[in-house]
Amino acid sequence: MNGLNKNMLGGLIGALVLNVVHSAAKRFDSQAPEVDKVGEEAMKKTVRFAGFKPPKGNALVAATFGADVASNAMLYTLIGYGGQKNRLLKGALLGTVVGLATLTIPEQAGLDAKPIKKTSRTKLMTVAWYVIGGIAAGLAMKAMEKR
C-alpha cells in the first residue's frame, strides 16, 4: 500500500474512532458533547443555502454522519504528511487544534454551540475526543508503516 493510501486509511480510522467515542460517551454521560446536533444544524443550513430541501430524521442523521466522517478523515490524513517521525505527537496536536476549532467555529457560523459547550467538562471532552481520534489515526499510520 502506498503512502497516500496509508494516510487516507489512517485518517479514516481516526475519524471512526472519534465518532465511536462521541456516540459511546453520549450514552453514558449527560454532559458529553453532542457534536452531531451541531452538525445536523449545519447540514440543514448548508442544504437550504444551496437551494434544496434538507433531509429529515434518519436521512439527516446519515448525511451528517457521512459528512462528519469524511471531513474528519481528510483532516486526520494530514498527520501522515511531513515524514514518519512524531506521528502520535502530530495526531495529538492536530486533534487539539481541531477540538478547539470545534468549540469556536459554530458560533461564528451562526450555529447553536450549546450542545458542545454545556459545561467546562463538556468543552474538555469535545477537545479530548478529537485528540483521541488524532492519536488513533497516527497509531494506525504507524502500524501500516511496518508492513
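The lining of the largest pocket comprises 14 nonpolar, 9 polar and 5 charged residues. This description rests on a predicted model. At least two lining residues come from each of helix 1 (3-28), helix 2 (35-49), helix 3 and helix 4 (87-108).

Two helix pairs are described next. Packed helices are characterised by the angle between their axes and the distance between the axes.

| Helix pair | Axes come within | Crossing angle |
|---|---|---|
| Helix 3 (residues 57-77) and helix 5 (residues 120-145) | 10 Å | roughly 60° |
| Helix 4 and helix 5 | 7 Å | roughly 150° |

Because its axis crosses that of helix 5 at roughly 60°, helix 3 is oblique to helix 5. The crossing of these two helices is right-handed. On the side of helix 3, the contact involves N72, Y76 and T77, which meet W129, Y130, G133, G134, A137 and M141 of helix 5. This contact holds 5 nonpolar and 4 polar residues, with no charged residues.

With an angle of roughly 150° between the axes, helix 4 is roughly antiparallel to helix 5. Helix 4 also passes helix 5 in a right-handed crossing. Among the residues of helix 4 in this contact are R87, L88, G91 and G95, while those of helix 5 include K123, Y130, G134 and E145. By class, the contact of helix 4 with helix 5 has 11 nonpolar, 8 polar and 4 charged residues.

How values were computed: Residues numbered from 1 in each chain as written. Predicted model: local features only at pLDDT ≥ 70, side-chain atom pairs only at ≥ 80, totals over all residues. Heavy atoms only, no water. Axes fitted to C-alpha atoms, helices over the stretch in contact; angles between N-to-C directions. Helix = DSSP H or I, 4+ residues; strand = E, 2+ residues; numbered from the N terminus. Parallel < 35°, antiparallel > 145°, perpendicular 65-115°, else oblique. Left-handed = near helix turned anticlockwise from the far one by under 90°. Contact = heavy atoms within 4.5 Å. Nonpolar A, V, L, I, M, F, W, Y, C, P; charged D, E, K, R; others polar.
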